[in-house]
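Below is a briefing on one structure, arranged by topic.

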Amino acid sequence: MTINSDSEYIHGGVPKTDMQRLEVSERRVLDFSVNLNFFGPPPIIKEKWPELFETIEQYPSVNGDGVAGYYHSVCGVSPHNFLAGNGSTEQIYLVARVLKFRRAAIITPSFHDYERASLLAGVEVLRCPLSPNNDFTLPPKEALIEIMEKVDALWIARPNNPTGNLFDKNLILELADQFPEKWFIVDEAFVQFLDDWKEKSLLTENPEPNVLVLNSLTKFYAIAGLRLGGIVGHEKVISRMKHAKEPWAINGIADRVASLLSDCGDYDEKSRLAHNEEKERVFLALRDMDGILPFEPSVNYILCQWLKTHNLDRLLAHLLKKGLYLRDCRNFPGLEKNFFRMGLRLPEENDHLLSALSSFKAS
Ligand SMILES: Cc1ncc(COP(=O)(O)O)c(C=O)c1O
């Protein structure tokens with residue numbers, strides 16, 4: 001399907017809006033629509049908060065040197081191959097604006113901002129739908145080649161949000177090699193949650209001239225409010241983007257926090273282990289439940305289809321009354337038929353949700 005009109009901004013879960021829509025009186029909720037590290041931010045940020053505060057009178061580095069330092073020390077990325085961003089969302093819009101491709105393919109369902117950024121930059125969008133019937137796997141290479149022949153850029157997320165698929169990195173590299181004049185923009189916002197993530201990620205590969213890899217620090221370090229992310233690519237394209245970027249997009253506190261994060265190895269390991277265990281446990285519990293079809297997760301969120309009633313609203317209202325909030329995924333193209341996403345939280349909180357899901361009565 002080709003989309004070429006402008007696009008409205010769609011934000012994910014907003015509990016208050018759904019409470020009003022479903023006529024549930026306002027209350028505090030456990031928000032399972034977010035998909036951040038369930039341990040919360042690394043403790044060092046709070047410990048150093050007074051020191052961080054003291055720096056707010058100074059201008060930060062122009063391009064976020066602390067963030068570049070993080071990616072250099074953790075992923076071995078040279079600062080020449082890196083551009084820091086105010087979250088990876090900012091980079092998505094920057095890429096679309098600067099690279100000036102004309103027609104882009106987007107693997108859907110996926111994060112909405114690839115489409116919106118493309119449309120705002122005047123790019124025509126070709127949606128390439130995945131199907132729940134084969135667990136949202138990518139089409140075979142031949143089909144992807146046919147798609148690439150029609151466009152000059154591809155947006156693809158690995159792991160994909162909200163489906164959770166980790167598309168084969170070698171396949172992407174092979175396509176990039178076969179189409180050297182086309183752009184491959186790979187969003188790896190959640191990649192740090194994977195076991196052996198450095199082997200699975202494209203961030204640690206030698207950057208190809210036509211491949212850009214986006215990454216976020218806001219998910220894995222639970223710092224969505226601070227806004228930190230980056231883009232890794234060939235020196236030439238990074239310098240083109242640096243040239244087009246506003247100065248001081250990374251605020252001074254965020255930039256200093258990024259430097260602290262390179263020393264959080266214990267937190268990183270503990271987080272990966274706990275999220276992987278919890279992902280397996282919750283997935284199996286959901287799979288055993290009547291009326292819910294969960295799709296195999298790779299990281300800290302699980303996409304599910306609700307089959308017990310025709311309208312997901314009844315489930316959402318039931319949960320809201322118990323102070324639990326899920327991400328309604330019906331506004332993702334292809335997920336209109338009662339899909340929802342559960343972001344993992346602490347084990348006891350997940351248990352609370354699992355028991356509320358099983359207590360739903362269809363009649
Ligand atoms: C796949 C994907 N990419 C990027 C982002 C944006 O992350 P950031 O907070 O770094 O802007 C999100 C946020 O939900 C996401 O799901």
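Helices α5 and α10 are roughly perpendicular to each other, because the angle between them is about 100° and angles of 65 to 115 degrees count as roughly perpendicular, with those under 35 roughly parallel, those over 145 roughly antiparallel and the rest oblique. The model is a predicted one, in which local features need pLDDT of at least 70 and side-chain atom pairs count only at pLDDT 80 or more, while totals for chains, interfaces and linings use all residues. Residues are numbered from 1 along each chain as its sequence is written, and side-chain values use heavy atoms, with hydrogens and water left out.

**Helix pair**

- Two packed helices are described by the angle between their axes and the distance between the axes.
- Helix α5 covers residues 88-99 and helix α10 covers residues 235-244, and their axes lie 10 Å apart.
- Helices (H or I, at least four residues) and strands (E, at least two) are DSSP runs, numbered from the N terminus; axes are lines fitted to C-alpha atoms, for helices over the stretch in contact, and angles run from 0 to 180 degrees between N-to-C directions.
- On α5 the contact (heavy atoms within 4.5 Å) is made by Leu94, Val95, Val98 and Leu99, and on α10 by Val237, Arg240, Met241 and Ala244.
- By class, this contact has 7 nonpolar, no polar and 1 charged residues, where Ala, Val, Leu, Ile, Met, Phe, Trp, Tyr, Cys and Pro count as nonpolar, Asp, Glu, Lys and Arg as charged, and the others, Gly among them, as polar.

**Ligand site**

- There are 13 residues around the ligand, of which Thr89, Asn161, Asp187, Ser216 and Lys219 come nearest; a residue is near if one of its heavy atoms lies within 4 Å.
- The shell around the ligand comprises 4 nonpolar, 6 polar and 3 charged residues.
- A ligand oxygen atom is 2.6 Å from a side-chain N or O atom of Thr89, and a ligand oxygen atom is 2.7 Å from a side-chain N or O atom of Thr218.
- A ligand nitrogen atom lies 2.5 Å from a polar side-chain atom of Asp187.
- On its own the ligand has 400 Å² of accessible area, and the protein covers 92% of it (Shrake-Rupley method, 1.4 Å probe).

**Loop backbone**

- In the loop between β6 (153-157) and α8 (169-178) sits Pro159, and the peptide bond from Arg158 to Pro159 is cis, with omega near -10°.
- Pro162 is also in the loop between β6 and α8, and a cis peptide bond with omega of about 15° joins Asn161 to Pro162.
- Asp196, in the loop between β7 (183-187) and α9 (197-200), has a positive phi of about 50° although it is not a glycine.
- Arg227, in the loop between β8 (211-216) and β9 (229-232), has a positive phi near 70°.

**Arg345**

- Arg345 is in the loop between β14 (339-343) and α14 (347-358).
- The C-alpha atoms of Arg345 and Phe38 are separated by 4.9 Å, although the residues are 307 apart along the chain.
- Leaving aside neighbours within four places in sequence, Arg345 is in contact with Leu30, Asp31, Phe32, Val34, Phe38, Glu278 and Asn350.

Methods: A polar contact is a pair of N or O atoms within 3.5 Å; within protein, one must be able to donate a hydrogen and the other to accept it, and residues adjacent in sequence count only if both atoms are side-chain atoms.
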